[in-house]
Amino acid sequence: MISLEELAASEEVRQEYKKAFLLNMFQKICVRMERNPQFKAKVKNLFRQSYDKCDTVSAIIRNELKYDELSSEDAAIMQMWFEANLRKTSRRKVIPQEVKERLYKSQNGKCVVCGEELGNDWSKIHVDHIIPWKLVGDELADNYQDLCETCNECKSARIDYLFKNLIKLI
Ligand SMILES: [Zn+2]
């Protein structure tokens, strides 16, 4: 079993924490856009008129959240999320069975959160959006993972689910 120190020093853990940190900032902006249509229109306009979209992301994060240390690599990740949010529709896409089966194979038949076998009852295997559907819709490629029924029910659209993902390393 991996020790807590090894866990804290792991690159995978660092990446997951970073993603959760970025996602938390992104979610805050999304909540503001949802509550304030004028703000959403302003953000939309900023992106439409922007020559450097990473720069636009950094400016939004700086102005809204007073955070001034976004790297260009992180801004590029958030740019994808912002663009997905601004073009997403309110209707959920039906995720094809092929996608579920492809994920099943790539995950070696295991749930990504708890690591338990997914089993062979397809009705109990759930395709989940890694970045919550509410924030990015079905606009991102490779934003899916197979979860067991329990993990799917525990997750809903909560960001802190990402931390649970780390447990699989223990
Ligand atoms: Zn699970």
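Helices (H or I, at least four residues) and strands (E, at least two) are DSSP runs, numbered from the N terminus. This is a predicted model, in which local features need pLDDT of at least 70 and side-chain atom pairs count only at pLDDT 80 or more, while totals for chains, interfaces and linings use all residues. Residues are numbered from 1 along each chain as its sequence is written.

With the whole chain still selected, consider burial: a residue is buried if 20 or more other C-beta atoms, placed from the backbone, lie within 10 Å of its own, exposed if 12 or fewer, and partly exposed in between. Buried residues make up 19% of the 170 residues in the chain. Two residues are in contact if their C-beta atoms, placed from the backbone, lie within 7 Å, and of the contacts in the chain with a separation of 6 or more, 66% are between residues 24 or more positions apart.

Next, select α2 (residues 11–35) together with α4 (residues 53–65). How do these two helices, α2 and α4, cross? Their axes, which are lines fitted to C-alpha atoms over the stretch in contact, with angles running from 0 to 180 degrees between N-to-C directions, come within 11 Å and cross at roughly 75°. Angles under 35 degrees count as roughly parallel, over 145 as roughly antiparallel, 65 to 115 as roughly perpendicular and the rest as oblique, and α2 and α4 are therefore roughly perpendicular to each other. Show the side chains of M25, K28, I29 and R32 in α2, which meet I60, I61, E64 and L65 in α4. By class, this contact of α2 with α4 has five nonpolar, no polar and three charged residues, where Ala, Val, Leu, Ile, Met, Phe, Trp, Tyr, Cys and Pro count as nonpolar, Asp, Glu, Lys and Arg as charged, and the others, Gly among them, as polar.

Most residues other than glycine have a negative phi. The phi of K66, however, is positive, near 55°, and K66 counts as exposed because it has 7 C-beta neighbours inside 10 Å.

Move on to the loop between α7 (133–136) and β2 (144–148), where D142 is found. D142 has a positive phi of about 55° although it is not a glycine, and with 7 C-beta neighbours inside 10 Å it counts as exposed.

Finally, select E139, whose place is also in the loop between α7 and β2. Is E139 exposed, partly exposed or buried? E139 is partly exposed, with 19 other C-beta atoms within 10 Å. Leaving aside its neighbours within four places in sequence, E139 is in contact with A84, R87 and K88; E139 and A84 are 55 residues apart in sequence and 5.3 Å apart in space, C-alpha to C-alpha.
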